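Welcome! Let's take a friendly look at how two protein chains can meet. Have the picture ready as you read.

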Amino acid sequence: MTAVLKLLRSAPFSARLGMGMVLLTLLAALLAPVIAPYSETEVAGDVWLPASGEHLIGTDNLGRDLFSRLLYGARNTIAIAFLITGLSFVVGIIWGFLAATVGGWMDQLLSRCVDILMAFPTLIFALMVLSVVGTSIPALVIVIALLDSTRVYRLSRAVAMDIEVMEYVEAARLRGEGLWWLMRHEILPNAMPPLVAEFGLRFCFVFLFIAALSFLGLGIQPPTADWGSMVRENSGAITFGIYTPLWPAGAIAFLTVGVNLIVDWFLHIASGLQD
Amino acid sequence: MALSNVKGIVPLLSKRIGLGLVTLWVISVLIFVGVEALPGDLAEAVLGQSATPETVEAFRKELKLDMAPHVRYFAWLGAFVRGDFGNSLANKRPVADLISWRFANSLFLAGVTAMIAVPVAVLLGILAALYRNTLFDRLISIATLSTISFPEFFVAYILIALLSVQVAIFPSIANINEQMNFWQKLYAIFLPCLTLAMVVTAHMMRQTRAAIINILSSPFIEMANLKGLRRLRVVVRHAFPNALSPVINVIALNLAYLVVGVVIVEVVFVYPGLGQLLVDSVSKRDIPVVQASGLIFAATYVLLNLLADVLSIVSNPRLRNPR
């Protein structure tokens with residue numbers, strides 16, 4: 001715990017800014033039902049009203065309060081992104097650890113499969129699968145989680161291979177501990193630091209990916225508030241000089257800039273460059 | 001850069017190319033299988049309310065879903081290689097007609113973007129690495145970090161807001177057709193091109209800068225500096241040749257990314273390219289078009305990644321002459 005606090009204190013300004021930005025968004029998502037002035041789908045005014053006392057940043061293309069929808073959008077998208085990242089980590093870690101500990105043909109087979117899956121451009125693959133199964137939330141979650149688990153597989157396999165050759169793992173094996181026990185009690189706790197860092201990074205990518213899919217109309221469907229589909233719905237306003245779509249798009253940019261600042265700092269630490 | 005030991009490099013290259021071809025083949029299987037193995041009876045899903053037993057039967061016959069899977073796969077692959085991609089479900093026209101000119105359009109957009117982005121990115125990356133930690137470097141770092149964090153459609157809408165709405169210089173809908181000459185086309189695609197170029201340049205510039213900084217901290221550069229060589233000579237004669245391999249790798253990888261980034265930009269600017277077609281046919285569940293355009297995108301992506309690997313093998317003397 002003290003090591004974590006010390007690390008946080010040594011963070012440069014940019015990383016602190018990033019952490020602040022991410023925290024702000026997470027708070028907005030958590031407190032959405034409490035602080036949102038209107039509900040998610042309530043039509044509260046005329047279409048594309050400018051910012052006023054009643055509507056903090058105006059209304060959207062159907063007259064719904066934009067500020068409330070931004071808050072609920074944060075909640076929806078972050079919740080789904082979290083779910084997807086969690087699922088992809090569970091799948092990726094299990095297969096990765098298995099490949100590292102069992103080794104042999106299972107390792108070869110899994111790694112070849114993952115290599116081929118990773119050779120596919122993710123957006124194209126997701127689009128094609130969604131065209132067949134339709135764009136329901138469960139389908140979305142499973143597809144993106146499976147695609148993302150390939151990266152997690154690579155990392156957890158590499159980390160597990162490093163840990164697996166340690167003496168305490170060998171000792172546990174000699175004690176007669178089973179495969180599952182080994183993975184759960186010896187490998188997993190020691191693999192946490194790089195996996196946690198990767199979780200943050202993958203969460204950001206999943207978030208962007210969902211926003212992109214929703215922007216294309218193939219992700220979270222309306223009327224559920226979601227930043228990507230909000231950009232899509234309000235995109236017509238731009239040609240009239242009404243800058244409504246810039247708000248949800250800017251919100252996406254805000255969150256990803258924050259996460260990127262933090263990740264940049266991590267990479268800088270990990271690379272050990274002196275400057 | 002003569003290949004002094006051709007015998008050493010050929011097995012390495014052919015292994016890599018072989019792997020690429022196998023990947024392409026597996027992808028074609030996946031794309032084909034995807035329509036079969038996924039849950040949801042395709043016929044009923046696409047036909048929706050008009051799904052009576054007769055129409056479902058006719059639909060399955062048209063997509064040849066009644067043949068055995070492996071027979072159908074080879075029939076599909078054979079037709080594909082001959083250029084017959086089947087007919088679109090939406091408008092019954094041959095898919096090949098739909099795809100060919102749109103693919104050319106997408107390549108045009110990507111090509112123009114690449115021609116702008118690559119020189120700018122490499123030049124900026126080298127300059128940023130040379131003047132590391134100065135104000136110039138920090139400013140560029142902030143600019144590129146922001147650009148790669150923003151989703152492409154955000155950059156696109158900002159550019160539309162600035163250059164199309166506020167100051168009406170460029171069109172916000174990039175519509176091109178055969179009648180336009182080259183310069184008219186360039187004018188029409190200026191905004192989508194700029195959007196893509198900004199994102200790709202940001203990626204490439206950061207990676208180039210990192211690669212060159214990596215090389216500048218090597219012992220032989222330190223030696224050259226200690227010997228008292230002029231800075232320009234150190235950079236051009238000693239650092240740059242070693243930077244070729246990673247920089248070429250970076251460029252090729254970003255070209256591959258460009259293939260996918262094109263999809264979103266085409267949707268924002270309603271550009272008649274392959275990406276726009278793919279997204280439209282996914283919403284309409286026009287399966288033959290989705291399969292064909294998906295396969296083309298995937299193949300281009302895989303081939304560009306393959307090119308990146310091959311080029312970085314060829315330009316790295318240690319890999320050219322393996323012991």
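## Some words first

Axes are lines fitted to C-alpha atoms, for helices over the stretch in contact, and angles run from 0 to 180 degrees between N-to-C directions. Helices (H or I, at least four residues) and strands (E, at least two) are DSSP runs, numbered from the N terminus.

This is a predicted model, where local features need pLDDT of at least 70 and side-chain atom pairs count only at pLDDT 80 or more, while totals for chains, interfaces and linings use all residues. Residues are numbered from 1 along each chain as its sequence is written, and chains are lettered from A and ligands numbered from 1 in the order in which they are written.

## Chain A

Chain A has eleven helices and zero strands. Its C-alpha trace spans about 70 × 50 × 35 Å along the principal axes.

## Where the chains touch

In chain A, 37 residues are in contact (C-beta atoms, placed from the backbone, within 7 Å) with 44 residues of chain B. The elements of chain A that give two or more residues to this side are α6 (122-133), α9 (179-215) and α11 (246-271).

## One helix pair

How do α6(A) and helix α12 (residues 274-284) of chain B cross? Their axes come within 8 Å, at an angle of roughly 25 degrees. The two helices are therefore roughly parallel to each other (angles under 35 degrees count as such).

From α6(A), Leu127(A), Leu130(A) and Ser131(A) make the contact, and from α12(B), Leu278(B), Val279(B) and Val282(B).

Conventions
Contact = placed C-beta atoms within 7 Å. Parallel < 35°, antiparallel > 145°, perpendicular 65-115°, else oblique.
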